[in-house]
Amino acid sequence: MTSPTTFWSVGGATLGSRFFLGTAGYPSPQVLQQAIQASGAEVVTMGLRRQLAGGAVDNGFIEVIRASGARLLPNTAGCRSAREAVTLAQMARELLGTTWIKLEVVGDEHTLQPDPFELVVAAEALVRDGFDVFPYCTDDLVTCRRLLDVGCQILMPWGAPIGSGQGLINPFALRTLRARLPGVPLVVDAGIGQPSHAAQALEMGYDAVLLNSAVAQAHDPIAMARAFKLAIEAGRLGFEAGMIAPQDMAVASTPVDARPFIL
């Protein structure tokens, strides 16, 4: 049987974990470090804008992440234009020595919904500049295709507005993306609040999930990180095992012809 942690490739790296974890809002650096360990995450994301708000990157914070052995995925959270996002991404590459960037360009202050127009402009510029762009986008198929057209190799559609904990509010759109973009690494990013939400995304065939608040704000972040790890593994294993299709009516599960096995 295929392992639920089957290796997969993204951004030139081979990963065993399908859990991307955020690093904001933890009670302490020690809890963050233990949560990363409990999650098994091999990729963690960090808001560079938040770090620079203090005047400089907190090297101690960076060391906590690096000590975990996880890859760092800096993000452009808080940017409102393509130009601002591109500038921040270039700073991240210089300061952190990585071409990976989680591209975020906010278009609405209430929902923090990505701006599809500025996002595509920024993605095209960054790909041309040698970045591995991980765009945070909505579940709109046309926008996702435009991002692929400009060179993105992975997409990160939202499950719900960031930090809302609502789960997958539009499963139809997410299923459509998965069906229409076979072979493209897809990571559900934002809005996940419960381990069952993560399992649902993996059961749909999504390659991974990214979340932060659901772990960082839990009563016990370390235990919650492990809960999500197990849910993600279960969801992927269910997808690989092949789940039965739902039926409108009852289907007898007990044989009535004295044959316990299908021959």
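Start by selecting Trp 100, which is buried, with a relative accessible area of 3%. Here, buried means under 20% relative accessible area, exposed means over 50%, and partly exposed is in between (1.4 Å probe, protein chains only).

Before going on, a word on what you're looking at: this is a predicted model, where local features need pLDDT of at least 70 and side-chain atom pairs count only at pLDDT 80 or more, while totals for chains, interfaces and linings use all residues. Residues are numbered from 1 along each chain as its sequence is written, and side-chain values use heavy atoms, with hydrogens and water left out.

**Stop 1: ring pairs**

The rule: rings of Phe, Tyr and Trp (its six-membered ring) pair if their centres lie within 6.5 Å, with planes under 30 degrees apart counting as stacked, over 60 as edge-to-face and the rest as tilted. Helices (H or I, at least four residues) and strands (E, at least two) are DSSP runs, numbered from the N terminus.

How many aromatic pairs does a search of the whole structure find? It finds three. For another one, select Trp 8 and Phe 20: their ring centres are 6.1 Å apart and the planes are at 25°, so they're stacked. Trp 8 is in strand S1 (residues 8-10) and Phe 20 in strand S3 (residues 19-22), so the pair ties together parts twelve residues apart in sequence. Both are buried: Trp 8 has a relative accessible area of 7%, and Phe 20 is at 1%.

**Stop 2: the cores**

Next, select Leu 21, Leu 103, Val 209, Leu 211 and Val 215. These have the most contacts inside the largest nonpolar core, which has 64 residues. A nonpolar core is a set of buried Ala, Val, Leu, Ile, Met, Phe, Trp, Tyr and Cys residues joined through side-chain atoms within 4.5 Å. Helix H4 (residues 82-96) gives the largest share of this core, seven residues.

**Stop 3: a buried Asp**

Is Asp 189 buried or exposed? Select it in strand S9 (residues 187-189): Asp 189 is buried, with a relative accessible area of 2%. Among the residues it touches are Lys 102, Tyr 136 and Trp 158, not counting residues up to four places away in sequence. Contact means heavy atoms within 4.5 Å.

**Stop 4: helices**

Move on to helix H8 (residues 195-203), where His 197, Ala 198, Ala 199, Ala 201 and Leu 202 are buried. Their cover includes S9, strand S10 (208-211) and helix H10 (221-241). After H8 comes Gly 205, whose phi is positive, near 100°.

Finally, select helix H6 (residues 141-149) and helix H7 (residues 171-180), whose axes come within 10 Å and cross at roughly 35°. Axes are lines fitted to C-alpha atoms, for helices over the stretch in contact, and angles run from 0 to 180 degrees between N-to-C directions. Which residues meet here? Leu 141, Cys 144 and Arg 145 in H6 meet Thr 176, Leu 177 and Arg 180 in H7.
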